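Subject: Structure for your review

Dear colleague,

Please find below the structure I wished to hand over to you. My notes on its salt bridges and its nonpolar core follow.

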Amino acid sequence: MYDTVDEETSKFFKDIASVMNKVDKPNLPGFENVHWNSLSQLTIRRKGHNRKWFSNIRKSTGAVSLMSFLKQARVDLYYPKPKYAIKSWKNSYGRMKRLVVAYPSMYYERDKTFDTYDQNYENPKTQEVKVTSKNPVTGYSNEEMRPLFAPMSEYYLRHKIPLAINAKLRENGFKIAKFERFNWILRSPEGD
């Protein structure tokens, strides 16, 4: 099961990158109560489009878009490792096990910032600045105006990781007796 959680977790940044460069927020669980503020007309004229979380960066300057950075970034370098516990007991149904995925990585705040610099020597920026820096006009960051990282974490915690674990359990012949958030009570296929 640990491998399943780690495998799903490793796709987190790639999934964020896949929903960037859009006009509308992603249609995924976790984004239900998220509102993406529209770009101002001035910003649309300056950028030449109305897509969110997109920078029209010319690679000739040495700059790397946040989307490109996230496609190759490793989640385990920025989030703590998940915590697990397994408890076993016997009851009238047979031998039971509870796998507790205590806290998948996305439950935590990133413990390291995106300190990778663009190779743009005129105006070097870290990738973190592209997420957290405040707009001088609105006073809000990209993440505050158009949340992406926090709701994607919720999507992973509520849907993607549990679905992957349940699929793996069924594949291995386990019957899921009860599901709770990040607690799986399992009945062994052999009943032992």
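Glu 154 and Arg 158 both belong to helix 7, where four residues, about one turn of the helix, separate them. Their side chains form a salt bridge, with N and O 2.3 Å apart. Glu 154 is partly exposed, at 33% relative accessibility, and Arg 158 is likewise partly exposed, with a relative accessible area of 33%. Please bear in mind that this is a predicted model.

By the rule applied, the structure contains nine salt bridges. Another of them involves helix 7 and joins distant parts of the chain: Lys 160 in helix 7 and Glu 8 in helix 1 (residues 2–9) are 152 residues apart. The closest N and O atoms of Lys 160 and Glu 8 are 3.9 Å apart. The cut-off for a salt bridge is 4 Å, so this pair, at 3.9 Å, falls within it.

Glu 144 lies in helix 6 (residues 142–145), while Lys 134 sits in the loop between helix 5 (127–132) and helix 6, so the bridge ties together parts 10 residues apart in sequence. Glu 144 is partly exposed, with a relative accessible area of 43%.

I turn now to the nonpolar side chains. The largest nonpolar core has 32 residues, and those that touch the most other members are Phe 12, Phe 13, Ile 16, Leu 70, Leu 148 and Phe 149. At least two residues of this core come from each of helix 2 (12–18), helix 4 (66–72) and helix 7 (149–171). Helix 7 contributes the most, with eight residues. In soluble globular proteins, nonpolar side chains tend to be buried together.

Which residues does Phe 149 touch, leaving aside those up to four places away in sequence? Its contacts are Phe 12, Phe 13, Ile 16, Trp 53, Leu 70, Phe 114, Val 131 and Glu 143. Among these, Phe 12, Phe 13, Ile 16 and Leu 70 are also listed with Phe 149 as core residues that touch the most other members.

With kind regards

Methods
Residues numbered from 1 in each chain as written. Predicted model: local features only at pLDDT ≥ 70, side-chain atom pairs only at ≥ 80, totals over all residues. Heavy atoms only, no water. Core = buried A, V, L, I, M, F, W, Y, C linked by side-chain atoms within 4.5 Å. Buried < 20%, exposed > 50% of the residue type's maximum accessible area, 1.4 Å probe, protein only. Contact = heavy atoms within 4.5 Å.
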